[in-house]
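Me: I would like to learn how to read a structure of this kind feature by feature. Could we take the general idea of each feature before turning to the case at hand?

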Amino acid sequence: MLPQDRHADRIESLIGQMTLEEKAGQLNQEPSTVDVPLDMVEKGLVGSLICANSAYAGTDRQARVRAAALNELQRVAVERSRLGIPLLFARDVIHGHRTVGPIPLGQAASFWPEGVRRLAEIAAQEARADGIHWTFTPMLDIARDPRWGRIAEGFGEDPHLASVMAEQVVRGFQDAGLHSGKGMAACAKHYVAYGTAEGGRDYNTGEVTPTTLENVYLPPFKAAARAGVATVMAAFIEFDGRPATANPDLLNGILRRRWGWDGVIVSDWNAVAELVNHGVAADLAQAAELALLAGVDIDMAGGAYWRHLPDLVRSGRVPVEVLDAAVRRVLRLKAACGLFDDPYTPEDAAIVEIPDEHRRAARALAHRSIVLLKNQGGILPLRPGLRIGLVGPLANPQAKETFFGTWTLDGEEEDMTDLLSAMRAHAAPREVWHALLPDEAVAQARLCDVVVAVVGEWRHRSGEDNSTTTLDLPPGQTELLQYLGRIGTPLVAVVVAGRSLAVEPVLEAADAVLFAFHPGLEAGPAIADVLMGDAEPGGRLPVTFPRSLGQVPIYYNRKNTGRPVPNFRYRYVDRPDSPQFPFGFGLGYTTFEYSDLEVEVDRDGLRARVTVTNTGQRDGEEVVQLYLRDDVASLSRPIKELKAFQRVAIPAGRSLRVKLSVPRQAMGFFDGEGRLHLEPGTFTVWVGPNSEEGLQTQFRFDG
Ligand code: GLC
């Protein structure tokens, strides 16, 4: 029997004993592990702690967490408060704890569910050993605007890819068991449509139609709910005049009643109190009333619930049953995490050194998150014996911690190997010279056989409240590449970033271009492996790459419109309408051909089979992608949508018959009320290497 069921009687007994103040206290989440209000803990006015000493944990340096310190806080709650209810400890373990993987956008680029799940399992094990019970990940916000810094934290522009990753992250964190000491509660966030923030300006208002909400933004959260995610975080965003934190249709309506999900809903940081700023609450008391009645169980760092819920219940504005239901969900979560069996964390369990297996998992995921955009003349992988000049601002060994990317709270810089050292650790005959300053770089470039220039974004140029008005490289970097490109020595550009960028100038200056979404702890070794050929760049783009900011928003699963390009002239007079690179794009160190596409469809759905042949000289992996279009429907449908993908390894010269399935439900679409439509008619299916290439055929679906 699960702990939350085994302790059901104790939970009811506690609710029966609790005062209104203590009930409200269970719904109060206090910040920081530095100056915790111990007097409030003793009075039972704190139910959980977020281990963060600032509202910008993704950017600001955070105090480390240690089981011993958290146990000390726990003792105050368990031994000195009236009812001894344990605290829940939460932290943003977003893409790794000590073993930091690629940022989620890079994990999406891997199209490797197994690798993403393994990283989550490792993160859960490491963070739980430090005393953390609950993480605020996965972030499932579909993003179509790379100006928005938080595009780094999600799984890109596609609902299917994000849904697959949602399930893997939730299972990776939770399936070992929340009470096992190796699992922890996950949190699907930010519910919902936070990525529609206009102008890419974080926290801004969004605009989303009901059918787009149902077909684009909700599906990853539904996948997380189906995977049993323990908690959901309401988003800061407001659309349709209603902040998500006070929108009962989204929270109690869709999440709880329509999907039957019964987990805990937590607000975002101070978001309950900020209902006053939104102009929907006159004061903190009304903010607390609106949020609780909408379905928000826990008030994160807002101080609205513990201050006002007792009086709101006494005055009748909030029924005590609603309060009790929220408290019950929180206590069940605590029981599920094993806190009613043993509220303390063993203090000798934390890892001291990162285990090799953890590093290998992070490195393998990083290899598969790196995307090869250009490889003119097959310059990559670099052949043995070359004299290599390593240059550029991000090649500086002092800059290695920026490869962690945003939302890295517990990664330690000393655990990293910088790219220069990693390259030098490769086959001895290759000489790797490093130049720090541009003029040194130019001098170096004249003496080397090849120059590797590492450019891109510092880690805090993306993430929360780190949006940009440009998709260009940071100042000076394009000019450096252009200068190096004119010297005549073959030039390889490695672009490291937290978002898609307008890389046209990079493509013009360099012979080869690798794009790495901040690859994490093992960035140095992984990039070196790829440059030197010990691994192939396995990534595929999880977001469309625009030619310029002027094209944004631009995404592959768009509508055809009544005047589709190129049937009609064009959308812009100054640039082609097409993207720089399409969703799903990525080259490798070998080549693949597709043949013999067969499809069959029945009441279970669609099954496609295709032969993929490795036509190159090197073993390699291919991400086989299946896209569908409902050619004619009662609502206009996207020109294509990713419905299945599979990463397959194929030896040089060999062929593989690959099967991809699409369940019948996934062939439908939702109307604005959330009703699924499975309409008969013809569908077009593509199977290929990305969203613009592949074999195509049509079939009839009977609905
Ligand atoms: C932040 C973020 C959210 C994070 C939370 C706790 O404001 O919006 O993603 O989990 O606060 O740090």
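Reply: Let us begin with charged pairs: a salt bridge is a side-chain nitrogen of Lys or Arg within 4 Å of a carboxyl oxygen of Asp or Glu. Please keep in mind throughout that this is a predicted model.

Me: Are R637 and E641 buried or exposed?

Reply: Buried means under 20% relative accessible area, and exposed means over 50%. R637 is buried, and E641 is buried as well.

Me: How many salt bridges does the structure hold, and which residue forms one with R64?

Reply: There are 47 salt bridges in the structure, and R64 forms one with E412, where the closest N and O atoms are 2.7 Å apart. R64 lies in the loop between β2 (48–50) and α5 (67–80), while E412 lies in the loop between β12 (387–391) and α17 (419–424), so the pair ties together parts that are 348 residues apart in sequence. As for accessibility, R64 is partly exposed, with a relative accessible area of 24%, whereas E412 is buried, with a value of 13%.

Me: Now for the ligand: which of the 14 residues around it come nearest?

Reply: D92, R150, K189, H190 and D268 come nearest among those 14 residues. To read the polar contacts, look for pairs of N or O atoms within 3.5 Å. A polar side-chain atom of R150 lies 2.8 Å from a ligand oxygen, and an N or O atom in the side chain of K189 is 2.8 Å from an oxygen atom of the ligand. For E464, a polar side-chain atom lies 3.0 Å from an oxygen of the ligand. The protein covers 99% of the 310 Å² of accessible area that the ligand has on its own, and the space taken by the ligand is the largest cavity.

Me: What should I look for in the backbone angles?

Reply: Most residues other than glycine have a negative phi, and most peptide bonds are trans. Here the peptide bond from T137 to P138 is cis, with omega near 15 degrees, and P138 lies in the loop between β4 and α8. The bond from V552 to P553 is also cis, with omega near 0 degrees, and P553 has its place in the loop between α21 (523–532) and β17 (592–602).

Me: What is phi of D240, and where is D240 found?

Reply: Phi of D240 is near 60 degrees, a positive value in a residue other than glycine, and D240 is found in the loop between β7 (238–239) and β8 (242–243). D240 is exposed, with a relative accessible area of 63%. D465 likewise has a positive phi near 60 degrees; D465 sits in the loop between β14 (450–456) and α19 (477–487) and is partly exposed at 38%.

Methods:
Residues are numbered from 1 along each chain as its sequence is written. This is a predicted model: local features need pLDDT of at least 70, side-chain atom pairs count only at pLDDT 80 or more; totals for chains, interfaces and linings use all residues. Side-chain values use heavy atoms; hydrogens and water are left out. Helices (H or I, at least four residues) and strands (E, at least two) are DSSP runs, numbered from the N terminus. Buried means under 20% relative accessible area, exposed over 50%, partly exposed in between (1.4 Å probe, protein chains only). A residue is near a molecule or strand if one of its heavy atoms lies within 4 Å of it. A polar contact is a pair of N or O atoms within 3.5 Å; within protein, one must be able to donate a hydrogen and the other to accept it, and residues adjacent in sequence count only if both atoms are side-chain atoms. Accessible areas come from the Shrake-Rupley method with a 1.4 Å probe; for residues, only the protein chains shown count as cover. On a 1 Å grid over the protein atoms alone, a cavity is a set of points where a 1.4 Å probe fits but cannot get out, and a pocket is an open set with protein on both sides within 12 Å along at least five of seven lines; lining residues have an atom within 4 Å of a point. A molecule sits in a cavity or pocket if more than half of its atoms lie within 2 Å of its grid points.
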